[in-house]
Amino acid sequence: MRIEHVALLTQDLEKMRTFYEHYFGAQSGARYENPKTKFQSYFLTFASGSRLEITSKKFVNLQPGETLGYSHLALAVGDQQAVDDLALCLSEDGYPLLNGPRTTGDGYYEAVVQDPEGNLIELTTE
């Protein structure tokens, strides 16, 4: 058994697609649109074969504050230097670097950044 993909509900589908393509080398599939429900999505495929579905829909009831569920997306980007380099690049491009790069208590080497909509991404080693 494996996780086939994870879906992320977004406000700006195109901005998020461009972000994951640019910084993580994701390859985007064709845009899917359901005109009846106003749902739209892209499947983004990473070099490893894992996939992220980014979605949007016209009517979303956004609730402020913390919710149970999705916490972060961890992306293995290579060795420690790759984590350092990507964390620095994202930070210099204006994306918040919230933590690290550092070795965590459980042995991960990681940095935590935010994507354009504030979702947490852990940049980790392979």
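**Stop 1: a proline in a strand**

Select P101, which sits in strand 7, the run covering residues 97-103. Keep in mind that this is a predicted model. For background, most peptide bonds are trans, and most residues other than glycine have a negative phi.

**Stop 2: a positive phi**

Next, pick K38. Its phi is near 65°, a positive value in a residue that isn't glycine. Where does K38 lie? You'll find K38 in the loop between strand 3 (32-34) and strand 4 (39-45). Because its relative accessibility is 41%, K38 counts as partly exposed.

**Stop 3: a buried glutamate**

Jump to E53, in strand 5 (residues 51-56).

**Stop 4: what R51 does instead**

Stay in strand 5 and select R51 together with E4. Their side chains meet in a salt bridge, 3.0 Å from N to O. E4 belongs to the segment before strand 1 (6-9) and R51 to strand 5, so this pair ties together parts that are 47 residues apart in sequence. How accessible are the two ends? E4 has 35% relative accessibility, so it counts as partly exposed. R51 is partly exposed as well, since its value is 27%.

**Stop 5: the other salt bridges**

Searching the whole structure turns up 6 salt bridges. One to bring up is E110 with R102, whose side chains come to 3.9 Å, N to O. E110 counts as buried because its relative accessibility is 8%, while R102, with a relative accessible area of 33%, is partly exposed. Then select E14, R17, E21, R31 and E33 together: salt bridges with shared partners join them into one network. Within that group, zoom in on E33 and R31, whose closest N and O atoms are 3.2 Å apart in their salt bridge. E33 comes out as partly exposed at 47% relative accessibility, and R31 is partly exposed at 32%.

**Stop 6: the second largest pocket**

Rolling a probe the size of a water molecule over the atoms shows where empty space is left. The second largest pocket holds about 410 Å³ of space. Which residues lie nearest its centre? Select F46, S48, S50, A74 and L75; these are the ones nearest the centre, out of 17 lining residues. Two elements, strand 5 and strand 6 (73-78), each give two or more residues to this lining. Colour strand 6 to finish, as the largest share of the lining comes from there, with 5 residues.

Methods:
Residues numbered from 1 in each chain as written. Predicted model: local features only at pLDDT ≥ 70, side-chain atom pairs only at ≥ 80, totals over all residues. Heavy atoms only, no water. Helix = DSSP H or I, 4+ residues; strand = E, 2+ residues; numbered from the N terminus. 1 Å grid on protein atoms, 1.4 Å probe; cavity = no way out; pocket = protein on both sides within 12 Å on 5 of 7 lines; lining within 4 Å. Points joined across faces, edges and corners; volume = space filled by probe spheres on them. Salt bridge = Lys/Arg side-chain N within 4 Å of Asp/Glu carboxyl O. Buried < 20%, exposed > 50% of the residue type's maximum accessible area, 1.4 Å probe, protein only.
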